[in-house]
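Biologist: I'm new to this one and would like to learn how to read it. Could we go through it feature by feature?

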Amino acid sequence: MRISSIQLDGFKSFRAETTLTFPKSITAIVGPNGSGKSNVADAFRWVLGEQSLKAVRSEDQTDVIFGGSAKQHKLSRAAVTIRFLRDENDNKGNIDSPEIEIRRKIYINGESSYELQKRSARLLDIQLFLAERNVGERNYAVIGQGQIDEVLRRSPADRMDFFYEATGVKKYQIKLHKARLKLSSSRERISQTNALLKELGPRKSYLEKQAGEYARRKNIMDDLSKKYRIYYRGLLFEFDAELARKHHDLQQLEKEFKKAETSALNLESEIERATSDFSHGEKDARIMSEISRLSCERDLARESLREVQHSARERLLGEGKFDIAFLRRRAQELEELLTAIRKESYELEASITQITARFVAGEKEISKIAQTILGLKNHQTFSKLVVIEKLEEIVEFTDSARVKKELREFIEQLRRDDIASSISEREELYREQKAAHDEVRIELKVLEEKRGMITVGERRSRSEYEDVKLKLQKSEFGVTEQLLKDVELVISERKIELAEIDAGIKKYEDERRELTREMDSGRLKLVELQKSYRGAEEQKSHVSDLLQAVKIDIVRIETKREEAVREMVEKVGEALAETISNTKDTIQNPNDLRALKADLRLLEHDAALIGEVPEDVLAEYKEVKERFDFLTAQSSDLDSAVASLEKISLELEREIKTQFAEKFHNLNLAFGAYINELFSGGNGELSEITIQKENDEGNVVERDGVEITAHPPGKKIKHTGALSGGERSLVAVALLCAIISSNPPPFVILDEIDAALDEANSKRLADIIQKLSARTQFIIITHNRTTMEVADSLYGVTMDDDGVSRLVSVSLEGYE
């Protein structure tokens with residue numbers, strides 16, 4: 001296989017599409033420094049799969065795209081296409097075409113791709129294709145300045161990869177790597193398959209058992225369905241008959257309840273009328289208002305009388321009638337005291353009247369509360385003893401756990417229901433009202449005692465007032481007659497006015513006492529009506545309790561019936577349950593119904609022992625069994641594949657070891673020969689060594705390595721690092737020539753490897769290249785004229801001021 005051409009499109013300085021063809025064995029590429037000729041070598045490296053940015057002299061993968069210049073704009077992509085001509089005996093791979101094409105592209109966004117024969121390919125595919133034809137993507141396929149010298153500077157262990165390619169075992173290592181990847185993947189798949197089999201095994205066994213239980217349960221369920229129809233028809237008929245009886249009882253009790261309720265309402269209306277008859281609050285307030293008004297008028301009249309008396313007293317004092325003035329002043333003081341006493345007495349009477357009204361209203365309220373407590377206690381007695389007992393019977397009868405739970409919660413609610421709470425609240429209110437009523441009684445008693453004391457004081461003051469008046473009459477004898485007449489006239493007028501006011505007050509007080517007697521009479525009538533009302537309420541409560549008991553029975557029966565219907569729907573389904581509900585069959589003997597229920601429980605027990613088996617268990621069992629069998633076969637195939645891959649891996653390892661040993665031996669002989677030829681004497685040797693090194697975990701591991709030694713004539717050098725620069729260049733050239741001669745590659749690209757050689761050594765290198773070109777194609781980038789002389793064709797690379805590289809080709813065939 002040889003290179004026929006390479007095409008650069010936007011790669012580095014080659015902006016325009018540029019094609020180089022290589023029809024001969026040796027082609028030289030020349031040009032001044034900076035013209036871009038080394039970019040051709042970079043293009044070979046890049047298209048052959050080079051991944052190192054340093055190897056193609058870049059810092060970023062997009063640096064290989066033409067970046068523009070002062071006269072040319074930059075491009076958005078770069079591509080390199082290399083074409084090979086196949087040898088006649090090249091039958092590797094599945095490529096039939098005589099020309100093989102590899103293409104690599106990259107875009108400015110970093111996206112890149114490979115193509116092999118115009119089809120998308122992976123880098124691994126390109127590497128394997130080249131390795132099978134003894135070409136690596138780096139090392140000696142494209143040799144740059146100092147690249148072989150770098151191999152000399154590497155440690156023995158780091159040189160192994162280079163020598164693996166040099167000996168041609170790289171293709172086997174790639175195959176071995178792929179085989180190991182497949183082996184690892186197959187083992188992983190075996191592990192996953194075995195895990196799935198381990199998981200499916202119990203499931204398969206379980207489903208196999210379930211499929212058998214499914215048939216047995218189906219027979220039991222068919223028998224149950226037949227007996228369910230007979231049982232529920234009879235049960236629903238019994239419930240309907242009992243409900244009819246209870247509804248008849250309910251109608252009779254509702255009539256009695258309505259009668260008792262009417263009687264209680266009539267008595268309640270009479271109580272309201274009686275209450276309104278003796279409740280004269282508005283009339284009493286009007287009377288008290290008139291008394292208050294007259295009291296104010298009386299106070300004004302008394303004030304006027306005092307003014308007259310004061311004026312008379314001043315006149316008497318002026319005439320020297322001091323005793324008369326004193327008596328008049330004392331009389332006036334006593335009158336004022338009596339007036340204050342009467343005013344206080346009126347106010348006290350008003351307070352006594354109001355408190356008496358409060359006392360009567362309190363007695364009425366306490367009576368109502370006591371009646372309410374009595375009614376609630378009678379109702380509570382029935383609720384506690386009858387309702388709870390009936391509900392507990394329902395709990396014992398029903399078989400449903402949910403119904404039992406709901407009824408028990410309802411019983412607990414009845415035990416702490418609002419009736420007990422209401423009784424407690426009413427009793428507390430009764431105690432509060434009773435305490436307030438007692439306080440009113442005490443207050444009334446205190447006011448009555450105070451009224452007695454005021455009456456005694458009034459009598460005492462009035463007696464003294466009469467004495468003072470008598471003395472005043474005796475002392476006034478001989479006083480100016482006209483003065484006395486005037487005074488007596490005014491006083492008489494004021495007293496007449498006071499007498500009229502007192503008469504009005506007395507009239508209203510008499511009316512108030514009569515009103516109080518009427519209220520006492522109405523109160524006695526009200527007590528009798530309330531007693532009758534309590535009796536009517538007790539009768540209504542008794543009938544209501546009976547009604548409640550019947551309703552509870554109806555609810556109990558309906559609950560049982562609904563529960564039976566729900567149970568029937570669960571057992572036989574909605575469609576069949578509706579048919580059974582509409583059919584009214586009877587069972588003459590209740591024992592037959594009980595015996596049928598016992599049979600149903602036995603069948604249900606058998607079905608429960610089997611458990612619920614899904615209808616699709618057979619389909620699932622079939623699916624799981626098929627998957628289990630498939631995985632079992634797949635596991636067997638994978639075991640065979642693993643055995644085959646292990647065998648291939650062993651064969652590849654043996655092939656690598658055998659070929660490396662053979663080719664390395666030949667490479668060593670060729671290296672010694674070329675050292676002797678290039679140095680005109682001396683010797684060189686390549687030797688395999690084993691290196692022991694401690695890893696990060698502290699364990700000693702062994703690694704293979706290659707030691708390179710070279711001894712120029714007359715010198716004994718222990719290692720290549722002691723050689724001079726020119727000697728190292730010759731050793732590097734010798735190693736390169738040895739590799740090419742011992743394991744000839746189809747082509748080699750040399751990038752100015754002769755730059756450090758003198759003319760004599762350049763001539764020796766040119767002669768060697770000319771000899772090796774019989775089996776290997778050479779593409780040489782050089783400045784050396786001696787090297788150019790052996791070339792069959794020559795390419796010149798130039799660059800104008802636009803920064804774009806261009807080619808000039810010359811065929812040297814026939815020139816001397």
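Modeller: Gladly! One idea first: the expected span of a helix is 1.5 Å times one less than its number of residues. Please keep in mind that this is a predicted model.

Biologist: How many residues does helix H13 have, and what length does it reach?

Modeller: Helix H13, residues 617-678, has 62 residues. From its first C-alpha to its last it reaches 86 Å, close to the 92 Å expected at 1.5 Å a residue.

Biologist: What comes just after H13?

Modeller: Here is the general idea: most residues other than glycine have a negative phi. Just after H13, Ser680 takes a positive phi of about 55°, although Ser680 is not a glycine. Ser680 sits in the loop between H13 and strand E9 (683-694).

Biologist: Is Ser680 buried or exposed?

Modeller: Ser680 counts as exposed because its relative accessibility is 54%, and the cut-off for exposed is over 50%. Glu752 also deserves a look: its phi is near 55°, a positive value in a residue other than glycine. Glu752 lies in the loop between strand E11 (747-751) and helix H15 (759-772). With 11% relative accessibility, Glu752 counts as buried.

Biologist: Which residues touch the most other members of the largest nonpolar core?

Modeller: In general, nonpolar side chains of soluble globular proteins tend to be buried together. In this structure the largest nonpolar core has 54 residues, and Phe163, Phe671, Leu735, Leu750 and Phe778 touch the most other members. Helix H14 (residues 725-742) gives the most to this core, with 11 residues. Apart from this core lies another, of 42 residues, including Ile3 and Phe84.

Biologist: What is Phe163 in contact with, leaving aside its neighbours within four places in sequence?

Modeller: Among its partners are Phe660, Phe664, Leu667 and Leu735.

Biologist: And how do I read aromatic pairs?

Modeller: A pair of aromatic rings is described by the distance of the centres and the angle of the planes. A search of the whole structure finds six aromatic pairs. In one of them, Phe11 and Trp46 are 5.5 Å apart centre to centre, with 45° between the planes, a tilted pair. This pair links distant parts of the chain, 35 residues apart: Phe11 is in the loop between strands E1 (2-9) and E2 (18-21), and Trp46 is in helix H1 (residues 38-47).

Biologist: Are Phe11 and Trp46 buried or exposed?

Modeller: Phe11 is buried, at 0% relative accessible area, and Trp46 is buried too, at 4%. For a last stop, look at Phe22, Phe44 and Tyr795, which form one aromatic cluster.

Key. Residues numbered from 1 in each chain as written. Predicted model: local features only at pLDDT ≥ 70, side-chain atom pairs only at ≥ 80, totals over all residues. Heavy atoms only, no water. Helix = DSSP H or I, 4+ residues; strand = E, 2+ residues; numbered from the N terminus. Core = buried A, V, L, I, M, F, W, Y, C linked by side-chain atoms within 4.5 Å. Buried < 20%, exposed > 50% of the residue type's maximum accessible area, 1.4 Å probe, protein only. Contact = heavy atoms within 4.5 Å. Phe/Tyr/Trp six-rings, centres within 6.5 Å; stacked < 30°, edge-to-face > 60°.
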